[in-house]
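Thanks for coming. Please have a look at the structure on the screen, and I will talk you through it.

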Amino acid sequence: MEQTLHQKEIRRDNPVARKILHIVIYIVLTALALFTLIPFVWMLSSSLKLDREVFAYPMKWIPETIRWENYALIWQKVPLLTYFKNTAFIAIVVTFLQTLTSSFAAYAFAKLEFRGRDTLFLCYIATIAVPWQAYMLPQFIMMRSMGLYDTLWAMVVLQAFSAFGVFLMRQFYRSIPTELCEAARLDGLSEYGIWARIMLPLSKAAIATLVIFTFVSTWNDYMGPMIYLTRDANKTIQVGLRRFIQENSSDYHLIMAASLCSLLPVSIVFLCLQKYFIEGIATSGLKG
Amino acid sequence: MSRAEKKRTLIAYSFLAPNFLGFAIFTLVPVVCAIALSFFEWNGGDISRLKFVGFDNYATIFNVKKVSQNGLAYFFNRVDLGISLKNTIFYTLITVPLTIVCALALALLLNKIRGAVAYRTIFFFPYVASMVAICVCWSFMLMKDGPINQFIQAIGIPFNKSWTADSAMAIWAIILVSVWRNMGYYMVIYLAALQGVPRELLEAATVDGAGKWKQFIHVTLPQLRPTTFFVSIMMIISCFKIYDVVAIMTDGGPGRSTKMLVTYIYDEAFVKIRYGQASAISMILLVIVLVITIIQFRSEKKFSSD
């Protein structure tokens, strides 16, 4: 009995077997990673071809002549720059407002005592569970009557005050010891002072998470702009790209070039802040 | 209320006000209105044309008259609501387990390996890539002469139709894109959960002579149960809200083969301008999502008391 156990341990600790296992894992992972990236590689490859080369048989990953000029052409075909500017405007304003008002409100929910606090917070939580698609219509009717239809501000107010932000920040603030606030109060700091000088600096990680969540989901939002923005001058990159696809449906190479361009800004933001993004998901597990 | 208490409350309200005003106007009010609107008839235009109709909108979307004559099969095969419910449920039932298997497999492979961060970034990337770009890319790749069909023909499967134009395959195209896009997201959650599996348990299993597979089945998987439950609930809810992929890839077609609940709401609300009926369908979505959320709340209590 003892001997077999011993043998088993030897087998498991066998450095050669372990190395082989590791190599196999790396091969499998690399294959899966390639599979995951195929659409992006295909996008890049197609964007550098002629339209009729895109579906040629057999398929070529590297085009015979690489046509960088496709990337110059797309800017003339549609006002891509306008789309980019609109999206950037919405994403930046929403992210700023969301982060500021959420952390402000979250401070009250986490560290202040007042009547009706728990009821109000329950209201916030309950609406997180309500799907936006269930109330988008009355919201739309209301916004239209306010004269916000087909304006960029519609997209801003639509997304800037979500309950999700308040929830995320409150959870984080609750992990900061209340004694810290009490000590500051004794030192004569006002509540606003405590928020600005103690809570904000301590919650950098939570803020980074909220910023990247909000930025990415606003940048990628499709249904909102689809409903609200009709004039070309107001379109975001998502609906603008969609228009481009519908109007030039057989310019496969140009569609792929424009698609790739639309991915770039958010990819850069993601790669820079991915640590916060991934940690935020791992700890909260919540969707933006 | 004492003066000090009054002052404290005022300060608290001043913290809440900026967010709460926006939240109340643009979320709370519409939520309440949505419930009310489902009992009215209104085809846009002036608000004076709003007419109270009781449960008529619900009777219309369920097509009560025809369904009571022809039975449930009629509902799921002919009525818009039945078809979109059937499609959404089918999509959910396939997508959720597939995504969980992929996410868990990726997480297990990445767990405790050098260079995990680079792989993690790659698997996660589709999740942040914008929908329009990836969906149009996938529709091209799934076209008649696209690379996917070239590949499956090369391995001997004689399929040469455009996936999104084929009423049997269209929903599979949507499932494929959904799984591919979301597996990285749930992988991250599983990776975090794997850190929480106690080492002692795994070591004890090894000492008892359990191989890697047995260790996984008898130790890791049971330890991950709360995570799997949480992930399933989140995914079911987001599956019921599916819109973007469908709108971009198939627009609910061909025919009604990929018509989903939200696609149906969108059509009634913004294409056919039947506000009352659109709101009634919204309420169906709301009830489904709330029921799932309540199940989650109940079970989370159970998990935490265990």
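Predicted model: local features only at pLDDT ≥ 70, side-chain atom pairs only at ≥ 80, totals over all residues.

The predictor gives the complex an ipTM of 0.85 and a pTM of 0.88. For chain B, the mean pLDDT is 86, and 98% of the residues of chain B reach 70 or more.

Now chain A. What is chain A built from, helices or strands? It has 14 helices and zero strands.

A compact globule of 288 residues would have a radius of gyration near 19 Å, whereas chain A has 26 Å. Of those 288 residues, 42% count as buried. Take the contacts in chain A with a separation of 6 or more: 77% of them are between residues 24 or more positions apart.

On to the core. In general, nonpolar side chains in soluble globular proteins tend to be buried together. In this model, the largest nonpolar core has 159 residues. Which of its members touch the most other members? They are C135(B), C137(B), M187(B), I281(B) and L285(B). Helix α9 of chain B, residues 170-195, gives the most to this core, with 15 residues. Let us look at one of those members, C135(B). Leaving out residues up to four places away in sequence, C135(B) touches V177(B), V245(B), I248(B) and M249(B).

Last, the domains, beginning with chain A. Chain A is divided into domain 1, residues 2-47, and domain 2, residues 73-284. The C-alpha centres of these two domains of chain A lie 38 Å apart. Where they meet, four residues of domain 1 of chain A are in contact with six residues of domain 2 of chain A. The domain 1 side of that contact in chain A has two nonpolar, two polar and no charged residues.

Chain B is also divided into two parts, domain 1 at 3-56 and domain 2 at 70-305. In chain B, 33 Å separate the centres of domain 1 and domain 2, taken over C-alpha atoms. Their contact takes ten residues from domain 1 of chain B and eight residues from domain 2 of chain B. Which elements of domain 1 of chain B each supply at least two residues of its side? They are α1 (3-37) and β1 (40-41) of chain B. The largest share of that side, three residues, comes from α1(B). By class, the domain 1 side in chain B has six nonpolar, three polar and one charged residues.

That is the end of my part.

Conventions. Residues numbered from 1 in each chain as written. Chains lettered and ligands numbered in written order. Core = buried A, V, L, I, M, F, W, Y, C linked by C-beta atoms within 7 Å. Buried ≥ 20, exposed ≤ 12 C-beta atoms within 10 Å, placed from the backbone. Helix = DSSP H or I, 4+ residues; strand = E, 2+ residues; numbered from the N terminus. Contact = placed C-beta atoms within 7 Å. Rg over C-alpha atoms; globule rule 2.2 N^0.38 Å. Domains from an automatic or database assignment. Nonpolar A, V, L, I, M, F, W, Y, C, P; charged D, E, K, R; others polar. pLDDT = per-residue confidence, 0-100.
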